[in-house]
Amino acid sequence: MTDDSRFPIGKFSRPAAVSAEDRTRFIDEIAAAPALLRKAVTGLSPQQLDTPYRDGGWTVRQVIHHVPDSHMNAFIRFKLALTETDPVIRPYDEGAWAQLNDAAETPVETSQTLLECLHSRWVVLLRGISSEAWKRRYVHPEMGIVPLETALALYAWHGKHHTAHVTELRKRKGW
């Protein structure tokens with residue numbers, strides 16, 4: 001853990017290489033993410049869910065809704081990369097998405113269930129990717145060429161990153 005509440009587990013570091021063992025570990029982390037995020041918010045009151053995890057940051061509720069938003073985009077990006085040659089994906093304004101009414105009004109249970117179902121299907125896809133297909137990639141207009149192995153590492157980190165936002169807030173607040 002770091003002292004920077006924006007990046008409690010540190011910033012994502014793009015791996016120079018990803019081994020088969022790394023891929024297995026990253027897939028296992030993606031598989032575990034929904035349960036860990038659910039555990040992180042268990043027992044929080046509506047007021048606690050509406051508490052920003054840091055000054056100027058999203059509320060816990062917004063974080064919980066953001067993770068499936070992000071991971072749905074990732075799932076689609078993986079499928080595009082597996083079925084097209086170097087598809088150019090479309091980024092989205094995650095900050096604007098977090099301000100939409102569904103992020104404020106939808107119970108967090110809905111997004112927790114969505115994340116569980118999404119990850120159940122995503123993990124099946126990930127575990128079925130051949131060694132050679134892991135070299136496939138997509139083109140992100142802001143990040144450039146993103147090999148699937150790199151995207152896998154990113155989203156394994158992403159789930160832990162946002163879970164730590166909640167768990168570190170709980171520690172700071174004594175919840």
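Visitor: Which helix gives the largest share of the lining of the largest pocket?
Guide: This is a predicted model, where local features need pLDDT of at least 70 and side-chain atom pairs count only at pLDDT 80 or more, while totals for chains, interfaces and linings use all residues. Residues are numbered from 1 along each chain as its sequence is written, and side-chain values use heavy atoms, with hydrogens and water left out. A pocket here is an open set of points on a 1 Å grid over the protein atoms alone, where a 1.4 Å probe fits, with protein on both sides within 12 Å along at least five of seven lines, and lining residues have an atom within 4 Å of a point. With seven residues, the largest share of that lining comes from H7.

Visitor: What is the volume of the largest pocket?
Guide: Its lining has 23 residues, with His66, Glu94, Trp157, His158 and His162 nearest the centre. A volume is the space filled by probe spheres set on the grid points, which are joined across faces, edges and corners. For the largest pocket that comes to about 580 Å³.

Visitor: How far apart are the end C-alpha atoms of helix H7?
Guide: Helices are DSSP runs of H or I with at least four residues, and strands are runs of E with at least two, numbered from the N terminus. The expected span is 1.5 Å times one less than the number of residues. The 26 residues of H7 (148–173) should therefore span 38 Å, and the end C-alpha atoms agree, being apart by 38 Å.

Visitor: How many of the residues of H7 are buried?
Guide: Buried means under 20% relative accessible area, exposed means over 50%, and partly exposed is in between (1.4 Å probe, protein chains only). His161, which lies in H7, counts as buried because its relative accessibility is 6%. H7 is mostly covered, and of its 26 residues the number buried is 21.

Visitor: Which residues is His161 in contact with, leaving aside neighbours within four places in sequence?
Guide: Contact means heavy atoms within 4.5 Å. With those neighbours set aside, the partners of His161 are Arg6, Phe7, Pro8 and Ile9.

Visitor: Which element gives the largest share of the lining of the largest cavity?
Guide: A cavity is a set of points where the probe fits but cannot get out, and the largest one has a volume of about 50 Å³. Among its lining residues are Gln62, Trp97 and Asp102. Helices H3 (60–83), H4 (94–99) and H5 (101–105) each give two or more residues. The largest share, four residues, comes from H3.
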